[in-house]
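Here are a few notes to read alongside the structure.

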Amino acid sequence: MTTAPQTRHVPDRLNSRAARIFKSWEALLLAVAIAIFVINSFASPYFLSAWNLSDATFNFTEKAMIAFAMALLIISGEIDLSVASIIALASTAMGLALQYGAGTPELVIIGLTVGVLCGAFNGFFVTVLGLPSIVVTIGTMSLFRGISFIILGDDAFRGYPASFSWFGQGYIYWVFTVEMLLFVIIAVIYGVLLHKTNFGRAVYAIGNNPTGAMFSGIRVARVKFILFLLTGLMSGVAAVCLTSRLGSTRPSIATGMELEVVTMVVLGGVNILGGSGTIPGVVIAAFVMGLVTFGLGLLNVPGIVMSIFIGLLLIGVIALPRLWAMAAARRTP
Amino acid sequence: MSRLIPVRETILAAAILVLLLLISSRFAGFIAPSNLANVFNDTAPLIILALGQMVVILTRCIDLSVAANLALTGMVVAMINVAMPGLPIPVILAVAVLLGAVMGAVNGILVWKLSIPPIVVTLGTMTIFRGIIFLISDGKWVNSHEMSPAFTAFPRMELLGLPVLSWAAIITIILFGIMMARTQFGRSIFAVGGNPHAAVYTGIDVGRTQFWAFVVSGALAGLTGYLWVSRFAVAYVDIAGGFELEVVAACVIGGISIAGGIGSVGGAVLGAIFLGVVKNALPVVNISPFWQLAISGSAILIAVAFNSRSGRTKGRIILKSAEATQ
């Protein structure tokens, strides 16, 4: 936004399909994921164990569920920083319902409904009132978690029914958890939605050129509103899983998770300014982050130090390609 | 007319007055001058940080790392104080401002030279700074009995009836008032935020201006880091956790447009004071402090909705692109 108009380099012929796949961000990311996997298995003898690896997936499954919806939202040029607070509010609502004797099905419905309602609230401010999503969701980030604090104070809800623990602690078969299954299903749904449907094309169009999208007949505001609903819904799903896994609700639940979700999306190759990105990229990014945090955990690195790595990863993945491009531009005058 | 009486600031000032009157109708003691001075003193760190944040937001950026910067600087100066209790306070202040400015410069360089979106940069540095606090302190606290008496006494020292902490806020307000209205840097900040393309053609380096905005914000966060740690006489990893949102809230409530270019020193100060009054009034009117977070969240939403309404009628941008209306 700062520089004068630039001349654009137009190649004589396009790269072949194979070369494009090979040079893609996803391929690079996959190589990084494999490298981390190999390094980890040498660094700690406990890494290569089916059960340990299964436990490691909890590091990213819940965040990745939100990251898929967030990826679409960011591709369309918006952002939602309130997802962690939606988890807190949805979890609090479930805890509150529990006090009135709700069973497992009701708890799940309430969790998801609160998520969707929070998404609708964000979507209303952004699409109907036309406010910047970053400010709106910074506001709702305080508001949603604030409501949890009003309801709970420094207390906690406990005593979720045994059947409710299935979502966060259950296993489908051997080491494969319920959350893994959800992760795969949601990844496939979002992959199809973004890459194979009109809706997905509309999301890219809006992110690249909202005015152009509007003139080609896309209902920009409606698509964005749906994306906020989906992000809210996914936060609700994550709230069900997380609450079920922890077995309790505190108002400080999932604090700072929005940062990890955004990091995951950006690491997955989604342009933070909108317009490009893929679901497979986000899937690989989820594994990269899960493997990094799990490997560091096995080496007894405390959580807050891991957050340094997450922060460096976030800045590094955006900075390195730009440094690369700058160096390349210097070489070819 | 509207130039003489800024509408937004007047409305906000009126809202604060109404709030004070409502509280005083039940608790007359709240508007006693000594209590108001206390409220101001308690709000001073927020005012200082909001002014730094204002400069950053005016240039179309955002700095979410201020609270982490504050905490890291606070921890560093506290540890310096423990290691060298004899070090005079001016040196400590200089170290705090310098260290904060360096951290701001890191943000600024990434935004300026690599044109990474500011929100990504500062989300990243926010966690990195917090992590570094843990690394240098080993997760331990620096408690009041380890700090030298001079170190903790400074922000409390009274000059002309007000503590140094309050004076720090007042001096910052005056300096910013002069800087924004009377210096080339101040004017270029508005130019960069208002229309970056036009700014380029008038010879302003947009990236460099954004860089210096981050340095200013960082330096103030550093200064506040020392004042915060010495005032509460404790330093640990999580001090001022989530405070960056309160700072952004103060700016948004004060009418500083997140899209850049619109805002005033008075607005930022009033926004901070509004939040300060609410925070101090809650325990007085017997509402649980747990309401604080939800109230500031609602205040942000109301303020941003209100500001965009009032901004729309003014027609500030004549050739407003269709893109911006989306």
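Predicted model: local features only at pLDDT ≥ 70, side-chain atom pairs only at ≥ 80, totals over all residues.

1. The UniProt entry, which is unreviewed, annotates "transmembrane region" at residues 44-59, 90-112, 119-137, 157-178, 210-229, 250-278 and 290-308 of chain B.

2. How much helix do residues 290-308 of chain B hold? The stretch is 95% helix and 0% strand, with its end C-alpha atoms 29 Å apart. Residues 44-59 of chain B, also on the UniProt list, come to 94% helix and 0% strand, and there the end C-alpha atoms are 24 Å apart.

3. On overall form, the radius of gyration of chain B is 20 Å, which agrees with the value near 20 Å for a compact globule of 326 residues. The C-alpha trace spans about 60 × 55 × 35 Å along its principal axes. Of the 326 residues in chain B, 51% count as buried. Among contacts in chain B with a separation of 6 or more, 79% join residues 24 or more positions apart.

4. Now for the partner chain: the contact takes 43 residues from chain B and 46 residues from chain A. Elements of chain B that give two or more residues to this side include α10 (206-232), α13 (291-314) and α5 (118-137). The most comes from α5(B), with 13 residues. By type, the side of chain B that touches chain A has 30 nonpolar, 11 polar and two charged residues.

How values were computed
Residues numbered from 1 in each chain as written. Chains lettered and ligands numbered in written order. UniProt positions renumbered as here; feature names shortened; annotations may be inferred. Helix = DSSP H or I, 4+ residues; strand = E, 2+ residues; numbered from the N terminus. Contact = placed C-beta atoms within 7 Å. Nonpolar A, V, L, I, M, F, W, Y, C, P; charged D, E, K, R; others polar. Rg over C-alpha atoms; globule rule 2.2 N^0.38 Å. Buried ≥ 20, exposed ≤ 12 C-beta atoms within 10 Å, placed from the backbone.
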